[in-house]
Amino acid sequence: MCGIIGYAGQTGDTLDVLLDGLEGLEYRGYDSAGVALSNGDLSVCKREGELYHLQEAVDGALNGPVGIGHTRWSTHGRPSDENAHPHTDCSDDVAVVHNGIIENYSELRAELADRGHEFDSDTDTEVVPHLIEEHLAEDATFEEAFRSAVGRLEGSYALAAVSDDSEAILATRRDSPLVVGVGDDAAYLASDVPAFLDYTDRVVYLEDGEFARLESGSWTVSDAEGKLLDKSISRVEWDAEETAKSGYDHYMLKEIHEQPRALRKCLRGRVDELTGSVDVEALEGLNPDSVQFVACGTSYHAALFGARTLREAGVPAQAFLASEYAVAPPPVPDDTLVVGITQSGETADTLSALREAQRRGVRTLAMTNVVGSTAARECDDALFIRAGPEIGVAATKTFSSQVVACNLLASSLAERGDAREVVQALRDLPGQVQELLDSSRAEAVAERFLDSEGYFFIGRDYNHPVSLESALKMKEITYKHAEGFAAGELKHGPLALVTSETPVFAIVTGDDETTAKTVGNVKEVEARDAPVVAVTDGASEVERYADEVLTIPETHPRIAPVLANVQLQLVAYYVAKKLGRSIDKPRNLAKSVTVE
């Protein structure tokens, strides 16, 4: 959840690189930030709150050939200057930054305190520099002391450390991502590529248990025993412009408008209109008897859609919350495919669920946005959604791309009579999304219902996951109460909450028996004086019962949810904007949830 940046290069550049890197990590969510630079002496500055508090406080004269920085999202101890990273030892000779949770920190802290160590924070991280300090006092080298300290830790971590008498950054990981950036005359370290993408697009991904050593213009990676490893250098396909706002007020709005391009990239080279076929190399040879999806948050809503699509195609499929799957796994029949949907490829709960599936000997597939991510590397196969970097905490374009990827998966695994129609609808989708973005009335709808007590979203069948996702978007960025329901469930309890102050957004597409039932649910809402916003393709009569209408182009039932979702993304965005919310960095939330 937190962000790490490290730099080993030119003395005069270090502070600027670290602060730039922290800006590049702001999207991950944080409540404090800090830096530590080494140049014979160790200089540390850290502050609670937004990054500008650190930028104002930091001494511009700080310099040194190596340094580390951190944005913290609290797990142990409230946000404060003292609890911010980096943390140091008693003599302020070693500084450490950490993502993850050290599960045995209480025992380690008690041991260290008994031996005279004094602690300044409430964090689990602070035990690490004190452990390093003890080994240094026994004449160990910095690297020996770092490795010995890491050997005492239980839990998850991405760790980076600097010392006052070393011109190296030492780092390691376990269940939390770290990537090395390779420059011409400098080396970089980060929890995510955007932190140093302005400087280099050449990267080396660390695996669990590997150790990195970065010095000015050089880097090495070794295993737990210290044996040097021959690591390959990958080139990141994203460029720095893709991680900029490009004139938009917020990253979220930019990423909503990037959906046509993202969808084209997801589909490119994978569908054939003439034959109505789907050809995805990652899916070749897969023919499971059943499929289990595991995911969290927005990705779970995509998983619900994927499971529904596969069941209709005749493949038994279920969607599970990854956090529940990992602790109480369901029966896994022979020849089951477990699909983990995770935007970042680093979601801790989803990785745990996938590893549980692997322990049971079943095949796993990562559906992810990040090449080189842990999920992509650990799973048997990987289906990349190709959405490009998503900086806003609230997922938008990645959800649309995940839904399209689920359609590709379903078409690849099962023969369907309407295959040509589905492929044609997929090819038309990017243009239809652009048409919708150019004509949407979402801002006017947001203005009308800005002061509502709460918001309800209903939909049936393929539109049910969109009702859940739309409510989540409203909650995430507006801080307003919002709930999504299968439309038929509204009368089984939630209807008690419906009033004239709670608009109901009804996703109504097509004109079949299911649609007629949803229109009936809309009538129930109307009878209780609740305002209705219909998100519809115009094929039914639902407009007659709606106070506002958000239209979408007509398309295949499996594709309509993407279009409906774009309209409701815009509604949530404009409500949040008019309320003055922190849209790209909602309170208490992080982009990549790397702790369980």
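Let us begin with five strands that form an open sheet, in the order S23-S22-S24-S25-S26, with parallel pairing. At its edges lie strand S23 (482-486) and strand S26 (548-551), each pairing on one side only. Neighbouring strands of this sheet are turned against each other by 20 degrees on average, with direction ignored.

Before going on, a word about what you are looking at. This is a predicted model, in which local features need pLDDT of at least 70 and side-chain atom pairs count only at pLDDT 80 or more, while totals for chains, interfaces and linings use all residues. Residues are numbered from 1 along each chain as its sequence is written, and side-chain values use heavy atoms, with hydrogens and water left out.

Helices (H or I, at least four residues) and strands (E, at least two) are DSSP runs, numbered from the N terminus. Two strands pair if DSSP finds at least two bridges between them. Strands of a sheet pair through backbone hydrogen bonds, either parallel or antiparallel.

Back in the sheet, strand S25 (residues 532-536) and S26 run parallel and are joined by four bridges. If you look for Val-535, you will find that its bridge partner in S26 is Leu-550. Helix H15 (residues 464-478) lies across strand S22 (455-459), S23 and strand S24 (504-508), at about 175 degrees to S23. For such angles, axes are lines fitted to C-alpha atoms, for helices over the stretch in contact (heavy atoms within 4.5 Å), and angles run from 0 to 180 degrees between N-to-C directions.

Now turn to another open sheet, where five strands are arranged as S18-S17-S19-S20-S21 with parallel pairing. Its edge strands are strand S18 (317-321) and strand S21 (381-384), each of which pairs on one side only. The twist from one strand to the next averages 20 degrees. Strand S17 (residues 290-295) pairs with S18 in the parallel sense over five bridges, and Ala-295 stands opposite Leu-321 in S18. Packed on this sheet is helix H8 (residues 297-312), which touches S17, S18 and strand S19 (336-342), and its direction makes about 165 degrees with that of S18. Helix H12 (residues 397-413) lies across S17, S19, strand S20 (363-368) and S21, running at about 145 degrees to S20.

After H4 comes Asp-139, whose phi is positive, near 70 degrees.

Where does Glu-210 sit? Its place is in the loop between strand S11 (202-205) and strand S12 (211-215). Glu-210 counts as buried because its relative accessibility is 10%. Its side chain reaches the backbone nitrogen of Glu-207 at 2.9 Å. Leaving aside neighbours within four places in sequence, the contacts of Glu-210 include Ala-171, Arg-173, Tyr-205 and Lys-231.

Finally, consider the cysteines. A disulfide is a covalent bond between the sulfur atoms of two cysteines. The structure holds zero disulfides (pairs of cysteine sulfur atoms within 2.5 Å). Cys-379 counts as buried, at 8% relative accessibility, and Cys-45 counts as buried at 9%.

Conventions. Buried < 20%, exposed > 50% of the residue type's maximum accessible area, 1.4 Å probe, protein only. Polar contact = N/O pair within 3.5 Å; in protein donor to acceptor, adjacent residues only side chain to side chain.
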